[in-house]
Amino acid sequence: MKKSTALAFGILFGAFAVTAALFVSHIPALITVVVISVPAAMASLIYWLCAGTKKGDIPFVGY
């Protein structure tokens, strides 16, 4: 995954989480979107912060 892709995923999942959190009072099932999106956004942004600038590629960590 490239550094720019990790940033894009972080922003996308963050937007999902914020939007779902705004409407969770009307549709309680959206709490699942928040619960899934927040860790995904945090992980993507941490990958983006930790990625080097040489090749812009994040190495595969493994299982």
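1. Let's start with the surface. The chain exposes about 4,800 Å², and carbon and sulfur atoms supply 76% of that area (accessible areas come from the Shrake-Rupley method with a 1.4 Å probe; for residues, only the protein chains shown count as cover).

2. A word on what you are looking at: this is a predicted model, in which local features need pLDDT of at least 70 and side-chain atom pairs count only at pLDDT 80 or more, while totals for chains, interfaces and linings use all residues. Residues are numbered from 1 along each chain as its sequence is written, and side-chain values use heavy atoms, leaving out hydrogens and water.

3. Now the overall plan. The chain has two helices and zero strands (these are DSSP runs, H or I of at least four residues for helices and E of at least two for strands, numbered from the N terminus). Of the 63 residues, 17% count as buried (buried means under 20% relative accessible area, exposed over 50%, and partly exposed in between, with a 1.4 Å probe and protein chains only).

4. How do the helices meet? Helix α1 (residues 3-23) and helix α2 (residues 31-50) pack at an angle of about 155°, with their axes 8 Å apart (axes are lines fitted to C-alpha atoms, for helices over the stretch in contact, and angles run from 0 to 180 degrees between N-to-C directions). That makes α1 roughly antiparallel to α2, a label for angles over 145 degrees.

5. Look next at the residues between them. On the α1 side, the contact includes L7, F13 and A17; on the α2 side, V34, A41 and W48 are among the residues taking part (contact means heavy atoms within 4.5 Å). The residues of this contact divide into 16 nonpolar, four polar and one charged (Ala, Val, Leu, Ile, Met, Phe, Trp, Tyr, Cys and Pro count as nonpolar, Asp, Glu, Lys and Arg as charged, and the others, Gly among them, as polar).

6. Leaving aside residues up to four places away in sequence, S44 touches A6, F9, G10 and F13.

7. L49 is exposed, with a relative accessible area of 62%. L49 and A6 are 43 residues apart in sequence, yet their C-alpha atoms are 9.1 Å apart in space.

8. Finally, V18 lies in helix α1 and, at 53% relative accessibility, counts as exposed.

Terms used
Angles under 35 degrees count as roughly parallel, over 145 as roughly antiparallel, 65 to 115 as roughly perpendicular and the rest as oblique.
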